Amino acid sequence: MVSVCFYFHVHQPHRLGHYSIFDIGNHTDYFDEHKNRQIIDKVKEKCYLKTNNILYRLIKQHDGKFKVSFSITGSIIEQFERFAPEVIDSFKRLADTGCVEFLSETYNHSLAFLFSKDEFKEQVLMHRRKMQELFNQTPTVFRNTELIFNNELARYIQDMGFEAILAEGADYILNGRSPNHVYNAVNAEKIKVLLKNYKLSDDVAFRFSDKNWQEHPLSVEKYVQWINQINGGGELVNLFMDYETFGEHQWEDTGIFNFLELLPGELLKHPDNNFVTVSEAARKYPIRDTVDMHNFVSWADLERDISAWLGNPLQQAAARALYDMEKYVKATNNYQLIATWRKLTTSDHLYYMCTKWFSDGDVHKYFNPYDSPYDAYIMYMNVLNDFARRVKAELKELGLLQIVSGEGAALPEKIHENPSLIFSG
Amino acid sequence: MLGWEFPPFFAGGAGIVCSALSEALLAKGVSITFVMPSGPEEVYDGLDKKLSTSKSKFKILIANNKYRNVKLTVKKIDSILHAYATNESYDKAYKEVSLSSDKNKYRGTPLYGKNLKQEIYRFAEQVKLLAMEEEFDVIHAHDWVTFPAAIALKKETGKPMIIHVHITEFDKSGGLHADPEIYKVEKEGMDAADKIITVSNKVKDMIVDKYYADPSKIIVVHNAATPMNEEIEYRAEAIKTTDKIVLFAGRVTLQKGPDYYVEAAKKVLEKAPNTTFILAGPGDMLHKMMEKTAALGIGHKFIFTGFFNREQAEKLFSMADVFVMPSVSEPFGVVPYEAQIKKTPTIISKQSGISEVLYHTLKVDFWDVNQIASRILALLSYPSLHQELTHKGYYEAKNATWDIPAAKCLNIYDEVVAKGGQ
């Protein structure tokens, strides 16, 4: 028996605008609302509405035998709510079928687990509340931003009461073992680790339209045959991918929608096959072995590590500057300031500062709203500097500045690489 | 190879390019006879010395076998042709020579042409006569002053002709107009060439657009980095105790955008008063720039150096905290490589050819003074950014070796030789 577990990731960041050093102290329009709206408008038409409709039809057509799971970030939900409420409704309609499950994650698609466990927990809880509110579901399976994972996270998530967690089935983690089983992690014996079958996932997500790929064009029959071949060698195939694979990364003219529409029928032809959601997968299959991931693994780039977000000193400096501000921001108890700070925790901001793509191809460039990673860094730091001044002004007004920073301070004119220095400087 | 300048004497980057490219080609086993117009004898004393005392590469020898012996021969033809010659500048030089009382200083034979056009065609005839004694496979001519010579040589020998375009007449005027006579010489060269090498896509687009050159015979070969003396360091302590240093280094002409630099400086100084701006280089806009800084009330934060030599360039680049190249039009623009090798982060205009190949730099539109100023301020304010660009920029420039363009040239040689001249 082979169970197929489809999991789709749904996310768009709040992109920053071109915020110059000369803007510091002058205005607070950090986010490029025009561009963000344009992107939501584009992907909604090309991907979300269309694919949601197809999934709905497939669920009805196969009498509930076709199932999928989603992780939807708070970042994109906020933008749907503002710019495209009909997309929220189409997800609600999917939720109501009972065949669609929503995962847990950080509300802002952040790297909080790496920098602040408190913030991490708060964002996970915020996201849980949002899922309950929108879809009437309480997630029991967790996926961290970009499938970033290690033993410590597995333990932490287990202690938070989740039954399963998703991770990349990277070669160097599996050491020749199959991703098509359920694992647990070192020091996290109870939690079930579902590993992405990256070969079969990326055949669709990345290679589907690649004319240089020897399997191109990929027919549904061929693909299902590959899945059928797993029978005996595994019990669960985890196909994890970005939802925008459908219609955005792979355009409609590649035949991707046709592929999706035919896949469930073809797969269910084999009586031993079925579809499961993430929690069903976790409940259905026992833990077969243990993975040991001391260092962080992710689903990004060839390295499958966190170098796409924290690989260079600029990214590290920016992340440090952001999280060093946390206690000051939270001390304001100002909902708007905290929400803005959280938007800045979205990992995409750091991704735009990655310089790896200069040599490693153009995936990063495709997603980068800036001319260069250096520009991305400059804009981000400019925003943090302005933001820190606002937070400081707020704390001063509340008479809290001395308590928080431990010393009195005058408003400095200087621009800081670590704007939290503003609080003590 | 036909060129108009060869180090140590040069007026722009093309001489350095010729020398560095030649060296890299020599290393690949290509023999080169470098023919160029030579001016007053004394100017070349130093060159002669350098070439004759160098041990291997720069021996003055007649090359005769293709791809076999590593030899470079420099042939001089007495001429007062000059790198950035214009009709006016040629007239001036011609007068100077004619009126000179020191007959030894300017050897009188052969007679120089009466004007620029006559002179380049006279040079062409001379090249033809001289090259008839040589054995070679490919004519490789650098920039318009050598094109008539290349055409004459091609006609005489039937050898394939490659022209190497470092700059066009349009670039010198900021892209708007061209001297019709020079334009004609350039165009004839492009039409007659078997292959055209341009130093950037920008130049390629320019010659397709403005000269109607056949795009299929154009190959872009980006320049590489000039070797620098990394030993030379200058700390400029007197300035650095209080200030950070921002540097512009190049000819102070319309093409290089010095006025945008001055305007950006004004904006930077409003936020970061402890900044000193150096405007290094000679040029027809120098006085205007001095007046402009005074008018803006920032004259005291400016240092004007006028002409600087190589050693001074090394010092300038090593003492600067930020290098800015706001060129309006820059066919390639090798200077940012020099700054990066001297561990100074760079800000360059998107309108430069080098921006096609440089990544570890900050790119701006030359006309966007706010953008230039904000990038300068970012480099002065964010140490991690400064460090990262210094570090990555250094390796980027170090890895841009002349071996890469030389290999491309060699491929082109092989291709045209296989085809034969057309």
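User: What share of the contacts in chain A between residues at least 6 apart in sequence join residues at least 24 apart?

Analyst: The share is 75%, where a contact means that two C-beta atoms, placed from the backbone, lie within 7 Å. A note on the source: this is a predicted model, in which local features need pLDDT of at least 70, side-chain atom pairs count only at pLDDT 80 or more, and totals for chains, interfaces and linings use all residues. Residues are numbered from 1 along each chain as its sequence is written, while chains are lettered from A and ligands numbered from 1 in the order in which they are written.

User: How do you know that the radius of gyration of chain A agrees with a compact globule?

Analyst: The rule, taken over C-alpha atoms, is 2.2 Å times the number of residues to the power 0.38. For 425 residues that gives a value near 22 Å, and chain A has 22 Å, so the two agree. The C-alpha trace of chain A spans about 75 × 45 × 45 Å along its principal axes.

User: Why is α10(B) called oblique to α14(B)?

Analyst: Helix α10 (residues 258-271) and helix α14 (residues 369-381) of chain B pack at about 50 degrees, with axes 8 Å apart. Angles under 35 degrees count as roughly parallel, over 145 as roughly antiparallel, 65 to 115 as roughly perpendicular and the rest as oblique. Therefore α10(B) is oblique to α14(B).

User: Which residues of α10(B) make the contact with α14(B)?

Analyst: Among them are B:Tyr260, B:Ala264 and B:Val268.

Note on methods. Axes are lines fitted to C-alpha atoms, for helices over the stretch in contact, and angles run from 0 to 180 degrees between N-to-C directions. Helices (H or I, at least four residues) and strands (E, at least two) are DSSP runs, numbered from the N terminus.
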